[in-house]
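Student: Please take me through this model step by step, giving the cut-offs behind each term as it comes up.

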2 protein chains.
Amino acid sequence: MKIEKESLIGRRVPKLDAPERVTGRAVYIQDLVLPRMLHAAILRTDRVHARILSIDTSRAERLPGVKAVLTAKDIENVPFGFGKDNTPLKGDRVRCIRDEIAAVAADSEETARDACGLIRVTYEDLPPILTPAEALRDGAPLIHEAKGTNVPFTYDYAQGDVAVGEGESDIVVEETYRLPFITHCCLGTSGIAASFDARGDLTLFSVTQVPFLYARDMAAIVGVAPERVRVIQVTIGGGFGSKLDIYPYEPIAVHLARKTGRPVKLVFDRHEEFVASPTRQPTEIRIRAGAKRDGTFTFRDIDFVHDNGGYTSWGATTPFVMMQSFSSLYRVPHVRMRGRVVYTNNPYSGSMRGYGNLQATFAVESAVDLLAGKLGLDPLEIRLRNAQEAGETTGQGMVFRTCGLRECLTTAATRSGWREKRRATETDRPHVRRGIGMASMLHVGGGAKIYRSDGCGTILTVDDFCRVTVLTGSSEIGQGSETVLAMIAAEELGLPLDAITVVNNDTRITPWDVGVHASRTTFIAGNSVRLAARKAREKLLFAASARLKVPAEELDIRRATIVRAADGEPLEELGKVIRGLHFAKRSEVVVTEHYYEPPSVMQDRAFKGDVSASYAFGTQVAEVEVDLGTGVVKVLRMTAVHDIGRVLNRLGAEGQVEGGLVMGLGYALCEELLVDGGRVLNPSFRDYKLMTAPEVPPFDVTFVETLDPEGPYGAKGIGEAPAICTAAAVANAVRHATGGRFTALPLTPERVHRETHGR
Amino acid sequence: MKIEKESLIGRRVPKLDAPERVTGRAVYIQDLVLPRMLHAAILRTDRVHARILSIDTSRAERLPGVKAVLTAKDIENVPFGFGKDNTPLKGDRVRCIRDEIAAVAADSEETARDACGLIRVTYEDLPPILTPAEALRDGAPLIHEAKGTNVPFTYDYAQGDVAVGEGESDIVVEETYRLPFITHCCLGTSGIAASFDARGDLTLFSVTQVPFLYARDMAAIVGVAPERVRVIQVTIGGGFGSKLDIYPYEPIAVHLARKTGRPVKLVFDRHEEFVASPTRQPTEIRIRAGAKRDGTFTFRDIDFVHDNGGYTSWGATTPFVMMQSFSSLYRVPHVRMRGRVVYTNNPYSGSMRGYGNLQATFAVESAVDLLAGKLGLDPLEIRLRNAQEAGETTGQGMVFRTCGLRECLTTAATRSGWREKRRATETDRPHVRRGIGMASMLHVGGGAKIYRSDGCGTILTVDDFCRVTVLTGSSEIGQGSETVLAMIAAEELGLPLDAITVVNNDTRITPWDVGVHASRTTFIAGNSVRLAARKAREKLLFAASARLKVPAEELDIRRATIVRAADGEPLEELGKVIRGLHFAKRSEVVVTEHYYEPPSVMQDRAFKGDVSASYAFGTQVAEVEVDLGTGVVKVLRMTAVHDIGRVLNRLGAEGQVEGGLVMGLGYALCEELLVDGGRVLNPSFRDYKLMTAPEVPPFDVTFVETLDPEGPYGAKGIGEAPAICTAAAVANAVRHATGGRFTALPLTPERVHRETHGR
């Protein structure tokens, strides 16, 4: 019985962790129970900006069941965060509504929360700064006096000479776009459990998406040597960038564990998740852009301001990513960008899927449609005229070894019926207009060399029964990496998928990785697994060759069987070869390792350089119907075409695109964290409007499979890509339908109605 | 500042896991909590031998909180155990008092136990067989009819020709020794938690000491593919061989987990631990032995019977080890051994530290003293005359590459003041006699090739902060292996001990190993770690050599620093070398692996062959005072001299010897599981007499450090050795003091009084 070569690559494979999740067996932080564990809660301030005059914890301390109450004076309150401007507990001043005043560890969560309610704090209010504009005013009070400024980070980037570009322009447009607060809405709320062992080593049961960096950074915050911190990730109920930073609740739990000598768990409720977890930064972007009469782009000049909130997170570095789209989304010779990150007394923002790119792409793609409109060009035509091709290097130094942008544009146009639908906006209902709009995106697809190493390690073992364990540094945060990595190991080793176990949640066991960010896991962890598995494959074929007296290069492994590669003739069970090694006189077991480092480089001081091993592209087309009477925008259909290189798990890739589209539609139409006077007005799913299943339109998802020369089997990253250009496409469609400007999101009925009725 | 070479080898290092254990942080099975976990209890029979007529579980099923009730008819009751004569639940017949009739999973342990109390079983009693003699009688009823015999295993071994040996003898002695039931008395009682994931993979939180074999064997019992079983060991509260077998409670927990779809934990209480955990097999050994007038041993002829109890465990293979002492403890040319393992309706026996060797050594060393007495030779002299030396191969084929037996004998004699104390037994109290006795032991010290591979795998990683993780297949069951393995890694890598984490408790993560038995861990896992660490060392020195332009062989690693080997001049921090590799363009991390297989061989069909890579020896001398009025034996002092090759952790080795001595003294003096009519009469620490701290005499512990050429740094195994000859030495001392025969243990006051008063 000949055995055909089988491959899972490109097929539709359900996520391996899905059954655990849907049957309730997965252990989220909510489910975790440790022996002797205490429960913690945090008292947050109810002021936006104030001096703390006194904190009285005496009643809380007397509550039965309370084991520890901490305030800033009880701990070494080490500054942390990207700007080193945050502390676990606030002792003298509060700067935003989520600020942590005190924390309690108790026998139960209820007791801990009750105890928080017994703590009395007196304040002297300070004048709040509620917008970046106020913060930037001359003489504005300083939110962090030690910084000497309300602008902790400024980014200036240039390529070419904008003045030259403007001189060459036949047309120039200018507009200012305002992007709102939104938040990640992870279905699993934030939480941690911290436990010291008797040697003083610290184990953190965490939801972080960057476990190795988290261990290192947390070590410094809580005063433990980095090699003494072990991070074990529980099942993570959504990350989307929100788990890139360390937040005050995490060192607080550690301090409580240290004080009580017991494991301490701290979990957010939904209200707390809305108030005290990060946001996508509100951004105001002024963009000027020019083009020649034929539509050739000449320059872009951008000035934007991020509302940083009261403290600085990794979100303050989103301008790095934004400048990639400003500089390189379409060919544009002259670019200048100035970005400022500004303190306010609003909730502080973080990193979120796309990492600034949704905001930047909204501005760029809105401006592209403005230019097209002024020039009387079809939005598709102006984009095609400026779309790069494979082999180009952008002004910022990104090398597009593969580039499916033009094919994404044409495919999206064809599949959406672009040319026909672009012609008319009338419907048979006089108050209803139709529109169609498009937008494209560019994002890193092969990691991003932010750190000196962007690599990932794998240790791979094959046991006597052909069971493979893949120890990978990478993390599963719901994105499906476990499944893709298992597929890669199965592919290399000719084994069924369920022979593979991926272990990816324990820094003491798995090799180094820099975490889930920059859409890097499939590309980088995938290559690492592929190359470790290939070493195992070579060892097995070598052993089989010796047993069978057939050259190794004439052998293959299929369905756990050594076969003749030429015709699939089965020669020996793989298990026998493995056991033959194990039970040989010079006994061996199959253990291999590989550390994969992508061939990318760090940017230079001018922010230039080929920062990723690969880049991903995509075009999305939105078809909308706008009810001018009610202002309601109904998205009729989204066409999404993405160049992600070779598709590995088609179901997973489609899932990523669909999830990204839903997130992008929420950004476009309904999501907004309403922050007024520094306070969150809608901290619940009743008042914070997520897209829900009945509202989701049909999606047409297509992949342009450029084969990346470096990616595993030709794959590129896809994690962030699908959310990036959705809102821009929807806004362009609404503009097409209505002729409105629409400079702000979300496109709520109220906003659409006002815009279309001139109010 | 020059850095001297430092070594932990041979120093006194506290156990790394001790702080966790003594501070209550260690997670024993009792402490383990899994989300959604149920608790189970077992209904055991109250009959010794009976037919089951009916089981009515209806009342138990109706008890609120009960989630599942299982009897034999509800499960596929797969036969298991070394004799495949046991089943998880008993449906038709019970054969000993611990037999499992039904099991309950419920919300709490109390409810589960209450439900067991509501189950009604009706029986038809069968005539019990309560001694091997009854079982061996012609026409005795068969306990396992399917076996067709009450003697499931018989061992016949011979070397030389006993008739020739007898012919050459000037003196022949014969005696029959009776060794009692004792049990392990692990302070952590038995338990398990079983959990299926949504894919049907089974995780067992287990106290097994042989996790890889356990996974494979459990798979067959519960009908799961072996590659789908993952074993995670919780902290184990003592093993001593009791965790070598699978017992019915373990598959029962799995069946309950399957039926309820929830994790199920089952933990023994102390009563259950006494009644339903294994015993050291009671053995009756007839030994005939001869010698020439000068004391040269001529032959041994042994016939022994093991009381197997109702079912067969690995304990039925203890004759393999017993025959090693019969054949090779001292030089003896002609040996014949017949051993029979016999079913009875008593509690069934298992494996226990020493694995039959305590019983065999008791017989051999008692007979040696008998011969010495008959020949008028000093017991030391007759032993020295027959003690082997390094380089000898025994009649059974064991090659003594190193052998410190003679030095053990002479050192023990010197340190105990043997010659002087042997002269007189009188004291200043007329009813009190003093005595001194000795006994030696032989045991495998470099593993035992019972399986085709006796190897152990290691994966070793070094992180950017010089933190080392050692993934070893071996298990820590309290014997201190974690500490020794960490010391070895620290030694090779020039790092402090607390830079090392040993991960040794998860079959999905660690490489293969055959478990804790045969005193193999230091030797085999130690070599595996040593060689994996050496590879890492070589990689690091190679990298340092490239950085420093100094040949690698001129470099060393000391205190996490690269130094010039010749003079200890510090050249670079090790961490910098590691990070240099990590952040190099061709990035690497330090991950190595090694699978160590000892150069031993499996025995042939005649039980001959060099089954271990090394052998350990020892001599113990007991000094006693016997009160003839009360029969009380007081041990005044134990002198223990053991050849365990190079001592790695002196504190750990001493701890092993002291623990073994205490266990051996209990066997000699007070421990006995009183089984009467098949029932256990003393299932509590009130009635089962362990040695307690105030009764423990002074110990004088010395090591003879023969340097084994294969062992790590010259080490040999020590786990079982110290318990083996203690009872024999004590009995020889009591015989010396009193002149009695003392053919049975324990030497309780009653027994001593009867013997010394002729009753």
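**Helix pairs, domains and chain contacts**

Student: Which residues of α17(B) and α19(B) meet?
Tutor: In this predicted model, two residues are in contact if their C-beta atoms, placed from the backbone, lie within 7 Å, and helices (H or I, at least four residues) and strands (E, at least two) are DSSP runs numbered from the N terminus. Leu661(B), Gly664(B), Leu665(B), Tyr667(B), Ala668(B) and Leu669(B) in α17(B) meet, on the α19(B) side, Thr726(B), Ala727(B), Val730(B) and Ala731(B).

Student: How many nonpolar residues does the contact of α17(B) with α19(B) have?
Tutor: Ala, Val, Leu, Ile, Met, Phe, Trp, Tyr, Cys and Pro count as nonpolar, Asp, Glu, Lys and Arg as charged, and the others, Gly among them, as polar. The contact of α17(B) with α19(B) has no charged and two polar residues, and the number of nonpolar ones is eight.

Student: What orientation do α17(B) and α19(B) have to each other?
Tutor: Local features here need pLDDT of at least 70, side-chain atom pairs count only at pLDDT 80 or more, and totals for chains, interfaces and linings use all residues. Residues are numbered from 1 along each chain as its sequence is written, while chains are lettered from A and ligands numbered from 1 in the order in which they are written. With axes fitted to C-alpha atoms over the stretch in contact, and angles from 0 to 180 degrees between N-to-C directions, the axes of α17 (650-669) and α19 (726-738) of chain B come within 8 Å and cross at roughly 50°. Angles under 35 degrees count as roughly parallel, over 145 as roughly antiparallel, 65 to 115 as roughly perpendicular and the rest as oblique, and α17(B) and α19(B) are therefore oblique.

Student: How is α11(A) oriented relative to α12(A)?
Tutor: The axes of α11 (379-386) and α12 (405-416) of chain A come within 9 Å and cross at roughly 165°. That makes this helix pair roughly antiparallel.

Student: Which elements give two or more residues to the side of domain 1 of chain A that touches domain 3 of chain A?
Tutor: An automatic or database domain assignment supplies the bounds, with domain 1 of chain A at 38-126 + 189-236 + 243-276 and domain 3 at 455-596. Here 13 residues of domain 1 are in contact with 14 residues of domain 3. The elements on the domain 1 side are α6 (211-222) and β12 (229-233) of chain A.

Student: Which C-alpha of chain B is nearest the axis that relates the two copies?
Tutor: Superposed by least squares on the C-alpha atoms of residues with pLDDT of at least 70 in both copies, chain B can be laid on chain A with an RMSD of 0.0 Å by a turn of 180° and a shift of 0.0 Å along the axis. The copies are thus related as by a two-fold rotation axis. The C-alpha of chain B nearest the axis, 3.1 Å from it, is that of Val33(B).

Student: Where is Pro746(A) found?
Tutor: The peptide bond from Leu745(A) to Pro746(A) is cis, with omega near -10°. Pro746(A) is found in the loop of chain A between α19 (726-738) and α20 (749-756).
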